[in-house]
Every structure is written in structure tokens, then in C-alpha cells.
Amino acid sequence: MVNKIPRVPVREQDPIIRATNFEEVCYGYNREEALLEASRCLNCKNPRCVAACPVNIKIPDFIKALQEEGEAAAAAVIAEDSSLPSICGRVCPQENQCEGACVLGIKGEAVAIGKLERYVGDWALDNVEGEEVVLSPDAPKVAVVGSGPAGLACAADLAKMGYRVTIFEALHKFGGVLSYGIPEFRLPKDRIVAREVEKVRRLGVEMERDTIVGRTVDIDTLMDTEGYEAVFIGSGAGLPRFMNIPGENLNGVVSANEFLTRANLMKAYDEASDTPIFVGERVVVVGGGNVAMDAVRTAKRLGAESVIVYRRSQAELPARREEVHNAIEEGIEFQMLTNPVEVLGDERGWVRGLRCVRMELGEPDESGRRSPVEVAGSEFDVECQTVIMALGTSPNPLIVSTTEGLESNRRGCLVATEEGATTREGVFAGGDAVTGAATVILAMGAGRKAAAAIDKYIRSKE
Amino acid sequence: MFKVLYKKELAENITLMNIEAPRVARSAKPGQFVIVRVGDEGERIPLTIADYSVDEGWVQIVIQSLGASTRKIVALEEGDSLTDFAGPLGNPSDFVKEPMEEVRARKMLFIAGGVGAAPVYPQVKWLREQGVEVDVIIGAKRKDMLIFAEQMEAVASDLYIATDDGSAGFHGLVTDLMKDLIDNQGKKYDQVVAIGPMIMMKFVALTTKPYGIKTIVSLNSIMVDGTGMCGACRVTVAGRTRFACVEGPEFDGHEVDFDEAMRRQGMYKSQEARAAAIAAEREAGHKCRIGLDK
């Protein structure tokens, strides 16, 4: 009988209105909606959703707890496996993970696991007092590099185990990609990110901003002089890629990282901010991932006609389905099977357009996706004043280049075991710094695994 | 944190500040820079390090206050604090890592233009401490715009001054003074380090090229994070795109595409302001020398 209830739709801001503001798009479920949606879960004996979750959250258990015991019990179940439910409920690609595996999805619509997680996570942020942890002044010290999802999760777990943890953040705000990368309209900064950071701080974790490990202080100094017994590197993947096509250094070509950092971290969309941002009348964003969607929707909100240019077809877009759907609703133009070959400039060196070629899909490549092939003679120009390159990012080499014995692979990613141990004793790593650009939940999971490994390592030394 | 320990106005719109930042002071080397921010909505501003004291835990910056954000910095008084002070960023000057006997054997000339005297000073001072003698040219518009002349006198082997109006030292441009030193005063240099306005560095590099003198310049490109994340500071060096923040800020001046670098510096000047400036220049029948009409 329960199967007859359709998936409870989630309330959202009207697309026409939201395309002009930076308020959150999705309002999330209220209690009534959440309970109705929860009632759709079949509580499978063999829950495929749990296996499909990168950190194996006990999904049917938390949904059942929500129905039978309420939000606090549900939050406690999620907390066993995830420290950032408000965030992951918003940014996880659920359609490829838990919801993609949901049995209900075979014939109908999957349970809205992400929206339920978000509901429980937000409730917990509002209602659960942070744990008070009394740290012994002579507890061992651990340094955490970076305050993104990996660093926050690692620091929180270590603090709960009784370690004295200091997080070192290079920027002036904590949260890493949650602060500088993901836009306000998808992940509110004050309401969600800042409070998740506060939660970790309440556990007794020290946080130092403006500290670039590898420049302000290096790993050796932290371990040899400042008495940190172990270090966790969760420095993410922050280096932008460019295409290396002619005209890429014209005024008006920016990386998505620059564009989003100006908008999110520096709040350049706000008149009170001193940081400038430039869009012009028409913006082209090159790429098809979440960062490309974030950039194009930010450009739209800044008043520009905004276009996505992607070399494969819509089916291959790596972005979350919800973001693509929202972008289309907001009036973003999609130029699929299109690849830029040159940025065109005016006589003063400013962007006036983007020369592109049409592509067609050829044979599948090693990732299983059909690789795009250029259609001969199909060149055409797209007029624009800004080109935003959203082609992916790679880890910053700063720490590797300043730390003896720390190895990275060909792609610049730190070499680490499943548990997070790097090639240097006492130094652990996890998240995008190890995997290359991936997801918040994987980074969070890696941070927690590393915390357990760090605990084991420090105990083994005693 | 980041308290203003000392403040002094060096010239009109040029202010020196010592900032309490012990970690930055301990790690700082000649050639590096910091990123400074004032206020919750403040912009991140890159500034080259002018001096530092490990013992006293401060880093010195010199600010030319021409825009809203730099004015916010100089509005702070002793005892006030900067909101953020991150660094040291960028790579130290090459000579810091080179074998000292090679550096000592080298005849070096530093050319500082305007506030560029501030970042030149720690380099010359550091070299002096290693027993390396170098000559310095400081250029300024007028005598009252000259900064760091006394400090430089104490650490430079020979100090030369050039002013645009001749109110102090050589009457003319730093490039003319450099040519005079080489052509008429028997000076020989193996390496020139030029730090100042982009246009000055461009012309220093053009002037040294025929002499075959290796020339290092320090690029003050637009930056947001200063750690390699944004790519706003992209500059073409020897035909390749480099990030000034993590691969520089110092590069071989003969390889830098200065016209592109100057154009990119103007990226966020408002369209109107740019248009107005160009119109005014054209009306005055003036051929723009600093690339505004590019």
C-alpha cells in the first residue's frame, strides 16, 4: 500500500524569481512532508541504498527512527556514519548513490533520501546542543590542514577521542570548498556551513585561519617544533585547469574557481563587498560538472545571459541531475556537443566571443563514456564578454613540494592508503587531495577513516 | 592578531606599517608577499613584504593608498588590527637558494620605482647580510615621493637617485640613469632586478636586453587567494602561461609579455572609468603609454 504514495515533491523558490537572487533554491521538507516521504521507505531487508552510500549511512534505520522515535533518534543514527548531514543532504549526487539504488526507483520514484537526510540534519543543527568535550591539556596534539569536509570530519572525530586538534586554514574563512566553491543558493553559508564549523569548534578544536601550510609554516615545523604528533592533510583540489587554447589570457576569461571565489567567499554579488566581479551581457561557461552549473547559475543571478558549452551530450553531464534540472528551469542555455577552440578578443584585449566546433559521440573511452569527436568544418562563434573555464581542478602542489618524503602521483594527488596513511610517517591525508576533485561525502568519509588511523598510530607509539 | 605595531607616512599616499605576525615573520624571505584584508567585506590585497623581524615578530608592508581598499588599510592606527594577514606567499628570490659564492661573484643592480623601493629593500639588506655588495637605483616622480632612500643608503654599495622632475639626483627616468651608469660611468652589471610599476619593469627589460644583462622583475598581478587557486594572476612568460602567485612573483623580465600583463591589471577597472580615461587621453591628443587604450 505504501508504494502508492508518490514521492513527496520538495518546495522550491520560483525559477524566475530565484534566478535573480542568491537565496537557497530548495526549501526542504517540513515535518509533515518528511514523515509522509519517510513512510514510503520499504525498510528492505537487504538495503541496497546503504551499500550505495559512500559512507554506508544506515538509511532505512534513520528513516524508521524518524517515523517511530523522531528527529533526535534519526540524527543519532546518521551521526554514526556522517558528520555533515545538512551539507551532504544538499550536495550529494543521490541519483548515483543511495537513491539510484533504491528498489522503489526500479518501477517508480526512489525515496527522497537526500531530502530526508537534509531535514534531519537541519533539525539537529537547530536542536542538538553540541557535545561538550573536556580535553586534557596534555592530550596528544594533531594538526589538520584545511577546513573543508575532510578536515572538519577528521578534526571532529579526533576531538571526540580526546585529542587536542588544530585546524590550519589558508583562507580567511573556514569550510574550504563549502565556503569558496559551492554557491549560497545551493548551500547557505551562515545558516549551514558556519554552524557546521562552529559545531566542530565547540568540540574543543582550535582553528587558525590565514595559515598556508607549506608557506606560513611547514609540516616539519609542525611536527618537530610545535609538537604535533600527527598531521592530516585535507587540502583539497584547488588548482584550476585551463584549455590551453588561443586567447585564454584575454581580459574576461576566468577560471570557475576565481569566479566562484569572488562570488561566494568574497560575496562580490553584494554591493557592500569591496571585491569586484565582471560578467558582461553574455557569459559562456565551459564544462558540464557541478562547478560549471554553479558558475553558470551564479552568472545568471548577476544578470548575464548565461550559456553552458559542453563537449559531450546531456546524458553525459557529470553534474548532479537536480542542478542540471534547476539550471534549465532558470533559463540557462545549453550548447551540447560543442567544444571551444579559441577565445576571440576585441582590439583592446577583451573577450568578444568564443569560437567553437560541433562534436559527435564516438566510441566509449576507458571511463565508459562515449568520447566526443570533432565534426570537420563545423566552426561557429558564440558572442560573449566573459568565458568561465570549469574544466576540473587538481591538488595544490605546495605541501608536497615543501615536505620531505611525501609522495604524489602523476596527477598531483597525494599517495595514501585506504586508511589515509601517506608515504611519510605520522602524516595522513584524505579527500580531494588524495582522490582529485570528487564529492563532499567521500572527503568526509576519508577524514573520518584517517581519524581512526591517526588514533591507532598515536596509540601504537605510546 | 595582526596588530598595527608601528605606522608612518613616508610620502603622500604612501604609508609604512609594521604588522604583528610572528609566524609570517619566521618564514618570510626576500621576494615574497602577503595578502591583507580589512573589514568583513574587505578585498584580499596582495602586498610585497618590505621588511620583517623574526625576534620582534613583525612584518613590514608599504601601502600606496589610491583605491578604496588600500585607503581602508592606511586608515588603521597603531594598536588597531588588520582582519587578515596571510603569507608569506610566492617564491623567495632565486639568489636566496643559489650558492652564495656565485651570488657574490655577480655584479647586481637593483632598480626600484615608486613604492617598489619597499620590496627591493629586504632583498638588498639580505644580500648585504650575506656579504654581497649591490648597487641600487631608486626612481620617483619628485623628491618628496622618494621612499626608503636612507635605509637603502645603509645597505647598498652605491645608491643612485632618479626623479622625473630632477628635484633630487638624476633628472630623468631610471632607464636613462642605468644607461648612463653603464655607458659613461664604467659600471658593469651581470644582473638587474627591477621592481616597480609594470611600465617601468617593461622598459628596464627592454633597455637591458641589448646589453645582454639578465633581468629579474617582480609582477604585482591581480590575485584573489594568492595560493594558486584562482588563476587571476596568469601571465605569459616565454610563451607559457604561469601563475604569478605560486610560480613567481619574480620572473625573467626578457621573457614576460608585459603588454598582456598590463592589460590584465586593468581587468576590474570599471568599464566606465576605463572609457572615460581613454576618451580624455585621446582628447588631449596623447598617445597612451601605459596601455589604457589597449
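Which residues form one aromatic cluster with Phe22(A)? The cluster consists of Phe22(A), Phe185(A) and Tyr269(A). The model described in this report is predicted.

**Aromatic pairs**

Over all chains, the structure holds nine aromatic pairs. One of them joins Phe22(A) and Phe185(A), and this pair is tilted, with 6.3 Å centre to centre and 50° between the planes. Phe22(A) belongs to the loop between helix 1 (15–18) and helix 2 (31–38) of chain A, while Phe185(A) belongs to the loop between helix 11 (177–180) and helix 12 (189–202) of chain A, so the pair ties together parts that are 163 residues apart in sequence. Phe22(A) is buried, at 10% relative accessibility, and Phe185(A) is buried as well, with a relative accessible area of 1%.

In chain B, Phe2(B) and Phe85(B) have ring centres 6.1 Å apart and planes at 40°, so this pair is tilted. The reasoning rests on the rule that planes under 30 degrees apart count as stacked, those over 60 as edge-to-face and the rest as tilted. Phe2(B) lies in the segment before strand 1 (4–11) of chain B, and Phe85(B) lies in strand 6 (residues 84–89) of chain B, so the pair ties together parts that are 83 residues apart in sequence. Phe2(B) counts as buried at 4% relative accessibility, and Phe85(B) counts as buried at 0%.

**Charges over rings**

Phe185(A) also takes part in another kind of arrangement: the charged end of Arg301(A) sits over its ring, at 3.8 Å from the centre. Elsewhere in chain A, Lys141(A) lies over the face of Tyr228(A). The table lists both arrangements.

| Charged residue | Ring | Distance to ring centre |
|---|---|---|
| Arg301(A) | Phe185(A) | 3.8 Å |
| Lys141(A) | Tyr228(A) | 4.4 Å |

**Covered parts of chain B**

Helix 9 (residues 258–265) of chain B is mostly covered, since six of its eight residues are buried. The buried residues in this helix are Phe258(B), Glu260(B), Ala261(B), Met262(B), Arg263(B) and Arg264(B). Among the elements that cover them are helix 7 (198–208), strand 12 (214–218) and strand 13 (234–237) of chain B.

Another buried residue of chain B is Thr175(B), with a relative accessible area of 9%. Thr175(B) is part of helix 6 (residues 174–183) of chain B. Leaving aside residues up to four places away in sequence, Thr175(B) touches Phe203(B), Val204(B) and Thr207(B).

**Exposed parts of chain A**

On the surface, Leu42(A), Val103(A) and Ile106(A) form a nonpolar patch, and together these residues have about 250 Å² of accessible area. Ile106(A) is located in helix 8 (residues 104–107) of chain A. With a relative accessible area of 60%, Ile106(A) is exposed, because a residue counts as exposed at over 50%.

Is Gly303(A) buried or exposed? Gly303(A) counts as exposed, at 61% relative accessibility. Its place is in the loop between helix 15 (290–301) and strand 8 (305–309) of chain A. Gly303(A) and Glu281(A) are 22 residues apart along the chain, and their C-alpha atoms are separated by 7.4 Å.

Technical notes:
Residues numbered from 1 in each chain as written. Chains lettered and ligands numbered in written order. Predicted model: local features only at pLDDT ≥ 70, side-chain atom pairs only at ≥ 80, totals over all residues. Heavy atoms only, no water. Patch = residues over 30% accessible without salt bridge, like charges linked within 9 Å, V, L, I, M, F, W, Y side chains within 5 Å. Areas by Shrake-Rupley, 256 points an atom, 1.4 Å probe, with all protein chains shown as cover. Salt bridge = Lys/Arg side-chain N within 4 Å of Asp/Glu carboxyl O. Helix = DSSP H or I, 4+ residues; strand = E, 2+ residues; numbered from the N terminus. Buried < 20%, exposed > 50% of the residue type's maximum accessible area, 1.4 Å probe, protein only. Phe/Tyr/Trp six-rings, centres within 6.5 Å; stacked < 30°, edge-to-face > 60°. Lys NZ or Arg CZ within 6 Å of the ring centre and 35° of its normal. Contact = heavy atoms within 4.5 Å.
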